[in-house]
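Here is a short briefing on one protein model.

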Amino acid sequence: MKIIPIIMRKSSEGEDQEFVNLIASNIPDSLVYQRHRMPGIYAATGDWMVILSATSSFITICSAIWCAYKSLTKNSSNDNERVLIQLQDDSGNHEQIVIDGNTTKEVFIEHFKQTIETRRINEKTGQDEIDKIEQSGTWVRRN
């Protein structure tokens with residue numbers, strides 16, 4: 001399963017990278033990819049991706065995302081800081097979850113749990129997807 005975290009405000013590449021690294025560092029066996037920059041193209045939404053292991057537990061994933069969100073917003077005076085978490089399963093189906101100042105950890109975990117329960121993570125398909133990503137020339141592995 002892929003997680004594509006998107007900070008929903010102007011952010012720097014360093015801030016985006018830190019956000020993704022916080023998520024990935026707390027999820028064992030996850031892989032981080034950054035979209036390969038093309039000449040004339042600047043940072044854009046969805047430039048980072050975390051690939052989850054088939055053995056990752058949903059509570060570990062939730063905790064990592066929540067901690068990264070709280071870290072991102074800890075010094076913000078804006079209660080409407082939002083992060084979009086886009087999930088893509090092995091079949092290519094997408095689900096999006098928005099976390100903002102009105103989202104409680106409990107609501108986020110329940111929404112995430114319902115999303116994960118409807119998705120299948122297949123280890124074989126996952127490896128095929130990783131191979132396709134790495135051979136695409138579009139993504140560069142960062143860990």
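**Briefing: strands, rings and cores**

Strands S2 (residues 31-35) and S3 run antiparallel and are joined by 4 bridges. The model is predicted: local features need pLDDT of at least 70, side-chain atom pairs count only at pLDDT 80 or more, and totals for chains, interfaces and linings use all residues. Residues are numbered from 1 along each chain as its sequence is written, and side-chain values use heavy atoms, with hydrogens and water left out.

**Strands**

- Helices (H or I, at least four residues) and strands (E, at least two) are DSSP runs, numbered from the N terminus.
- Strands pair if DSSP finds at least two bridges between them.
- Leu 31 stands opposite Ile 51 in S3.
- S3 also pairs with strand S1 (residues 2-7), in the antiparallel sense, over 2 bridges.
- There, Ile 51 of S3 is the bridge partner of Lys 2.
- S3 spans residues 48-51 and is covered on both faces.
- Trp 48 and Val 50 on one side, and Met 49 and Ile 51 on the other, are all buried (under 20% relative accessible area; exposed is over 50%, partly exposed in between; 1.4 Å probe, protein chains only).
- In a regular strand the side chains alternate between the two faces of the sheet.
- Gln 88 sits in strand S4.
- Gln 88 counts as buried because its relative accessibility is 16%.
- Beyond its neighbours within four places in sequence, Gln 88 is in contact (heavy atoms within 4.5 Å) with Met 1, Lys 2, Asn 93 and His 94.

**Aromatic rings**

- The structure holds 3 aromatic pairs.
- The Trp 66 and Tyr 69 rings have centres 5.7 Å apart and planes at 45 degrees, so this pair is tilted.
- Rings of Phe, Tyr and Trp (its six-membered ring) pair if their centres lie within 6.5 Å; planes under 30 degrees apart count as stacked, over 60 as edge-to-face and the rest as tilted.
- Trp 66 and Tyr 69 are 3 residues apart in helix H2 (residues 58-73), so about one helical turn separates them.
- Both Trp 66 and Tyr 69 are buried.
- Phe 108 and Phe 112 form a tilted pair, 5.7 Å centre to centre with 50 degrees between the planes.
- Phe 108 and Phe 112 lie 4 residues apart in helix H3 (residues 105-117), about one turn of the helix.
- Phe 108 is buried at a relative accessible area of 1%, and Phe 112 at 0%.
- Ring pairs link Trp 66, Tyr 69, Phe 108 and Phe 112 into a cluster.

**Nonpolar cores**

- A nonpolar core is a set of buried Ala, Val, Leu, Ile, Met, Phe, Trp, Tyr and Cys residues joined through side-chain atoms within 4.5 Å.
- The largest core has 29 residues; Ile 3, Ile 23, Ile 65, Phe 108 and Phe 112 touch the most other members.
- At least two residues of this core come from each of S1, helix H1 (13-25), S3, H2, strand S4 (83-88), strand S5 (94-99) and H3.
- H2 gives the largest share, 8 residues.
- Apart from this core lies another, of 10 residues, among them Ile 6, Tyr 33, Ile 130 and Trp 139.

**Helix packing**

- H1 and H2 pack at an angle of about 145 degrees, with axes 8 Å apart.
- Axes are lines fitted to C-alpha atoms, for helices over the stretch in contact, and angles run from 0 to 180 degrees between N-to-C directions.
- From H1, Glu 15, Phe 19, Leu 22 and Ile 23 meet Ala 64, Ile 65, Ala 68, Tyr 69, Ser 71 and Leu 72 of H2.
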